[in-house]
Amino acid sequence: MEKSYLRGHFRKVPFDVLKGVSLEIQEGETVGLMGDSGSGKSTLARILAGLDRPTSGRILYEGSDIHRMKRSEFRSYRRSVQMVFQDPASALNPMKTISRSLEDVARLAGVGSDGIEEAIREMLAVGGLDPEVLRRYPDQISGGQIQRIALARVLFHRPSYLILDEPTSALDVSVQAQILQLLRTIQKETGMGCLFISHDEAVVRFISDRVVRLADGEISSDEPPGI
Ligand SMILES: Nc1ncnc2c1ncn2[C@@H]1O[C@H](COP(=O)(O)OP(=O)(O)OP(=O)(O)O)[C@@H](O)[C@H]1O
């Protein structure tokens, strides 16, 4: 798969970010993706989540090219492959309490009025969150709590795959460790496949079954030293 962006003010020149990238993630597998800043990690993540298109090449899901799917199939793909970003605060409406935001998630997932309370309880449990957070606004809770809420929200859609783009980079080391532990528990319980993007080698190695590296637009497998 290839991806080029057009660059330049007067004359647009294509800039190749991804050149012949090939990556397969098996069900239940966690692949760590490392690479320097600007190497194209987020570009690849967005393409895999169906938020952007490759310039050429295909994204196959259960054997089907996602950009040749029927609209309803593509929508279902978008639900099956969820993404968590580095700055989840921006994904929460600052004008709504956490309770209202979680209620929206449940409604969007098709939960009726009588199931909302139970859905919110489930999200709190998955994120290991105190119900106390419900009446607060996003700027009244910690970065770790926001990331737990972000995880609980996407997991409510029961995704088959989760793409995490630097999900713990903005957090203190101790909070980072708690979120990674939570992720490990969730991975074990759900059997989800994950693509975990980080520039932090220790974090990537802790969470991943295998690690790949993106450099010069290409993917190579990254073996730990000594193997
Ligand atoms: N929409 C866009 N239009 C033009 N160029 C873009 C666009 N999005 C990203 N780029 C460029 O593509 C390259 C790869 O960006 P990308 O964000 O994918 O890298 P990254 O590896 O995730 O970087 P970081 O680790 O700093 O987040 C960068 O040079 C960036 O400037």
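Predicted model: local features only at pLDDT ≥ 70, side-chain atom pairs only at ≥ 80, totals over all residues.
Me: Why is Val212 called partly exposed?
Reply: Val212 has 19 other C-beta atoms within 10 Å. A residue is buried if 20 or more lie within that distance and exposed if 12 or fewer do, and in between it is partly exposed. The value 19 falls in between, so Val212 is called partly exposed.

Me: Where is Val212, and which residues is Val212 in contact with, leaving aside neighbours within four places in sequence?
Reply: Val212 is in strand 9, residues 210–215. Its contacts are Leu23, Val31, Leu33, Ile219, Ser220, Ser221 and Asp222. Leu23 is 189 residues apart from Val212 along the chain, and the C-alpha atoms of the two are separated by 8.9 Å.

Me: How do you know that Val212 and Leu23 are in contact?
Reply: The test uses C-beta atoms, placed from the backbone, which must lie within 7 Å. Val212 and Leu23 are listed as being in contact.

Me: What makes Glu62 count as exposed?
Reply: Glu62 has 9 C-beta neighbours inside 10 Å. The cut-off for exposed is 12 or fewer, so Glu62 counts as exposed. Glu62 is placed in the loop between strand 4 (60–61) and strand 5 (64–65). Its phi is positive, about 45°, although Glu62 is not a glycine.

Me: Is Glu166 buried, partly exposed or exposed, and how do you know that?
Reply: Glu166 has 19 other C-beta atoms within 10 Å. Buried needs 20 or more, and exposed needs 12 or fewer. Glu166 lies in the loop between strand 7 and helix 6 (173–190). Its phi is also positive, near 50°, in a residue other than glycine.

Me: Why is strand 7 described as largely enclosed by the rest of the structure?
Reply: Five of the five residues of strand 7 are buried, so the strand is largely enclosed. Tyr161, Ile163 and Asp165 point one way, Leu162 and Leu164 point the other way, and all are buried.

Me: What makes strand 8 mostly covered?
Reply: Five of its five residues are buried. On one side these are Gly193, Leu195 and Ile197, and on the other Cys194 and Phe196, which leaves both faces covered.

Me: How do you know that strand 7 and strand 8 pair?
Reply: Pairing needs at least two bridges. Strand 7 (residues 161–165) and strand 8 (residues 193–197) have five bridges, in the parallel sense, so they pair. Across this pair, Leu162 stands opposite Cys194 and Asp165 stands opposite Ile197.

Me: Which strands besides strand 8 count as paired over four bridges?
Reply: Strand 3 (residues 30–35) pairs with strand 8 over four bridges in the parallel sense, with Val31 opposite Leu195. Strand 6 and strand 7 also pair in the parallel sense over four bridges, and there the bridge partner of Val81 is Tyr161. At least two bridges are needed, so both sets of strands pass the test.

Me: What makes strand 6 and strand 10 edge strands?
Reply: The six strands form an open sheet in the order 6-7-8-3-9-10, with mixed pairing. Strand 6 (81–84) and strand 10 (218–221) each pair on one side only. The twist averages 20° from one strand to the next.

Me: What makes helix 1 mostly covered?
Reply: Six of its eight residues are buried. They are Lys41, Ser42, Leu44, Ala45, Ile47 and Leu48. Gly50, with a positive phi near 80°, follows the helix.

Me: Which residues have the most contacts inside the largest nonpolar core?
Reply: They are Ala45, Leu48, Leu162, Ile163, Leu195 and Phe196, in a core of 50 residues. Helix 5 (residues 143–155) gives the most to this core, with seven residues.

Me: Which residues are around the ligand?
Reply: They are Tyr5, Val17, Gly35, Ser37, Gly38, Ser39, Gly40, Lys41, Ser42 and Thr43. Helix 1 (residues 41–48) supplies the largest share, three residues. The shell divides into two nonpolar, seven polar and one charged.

Note on methods: Residues numbered from 1 in each chain as written. Core = buried A, V, L, I, M, F, W, Y, C linked by C-beta atoms within 7 Å. Helix = DSSP H or I, 4+ residues; strand = E, 2+ residues; numbered from the N terminus. Axes fitted to C-alpha atoms, helices over the stretch in contact; angles between N-to-C directions. Near = placed C-beta within 6 Å. Nonpolar A, V, L, I, M, F, W, Y, C, P; charged D, E, K, R; others polar. Contact = placed C-beta atoms within 7 Å.
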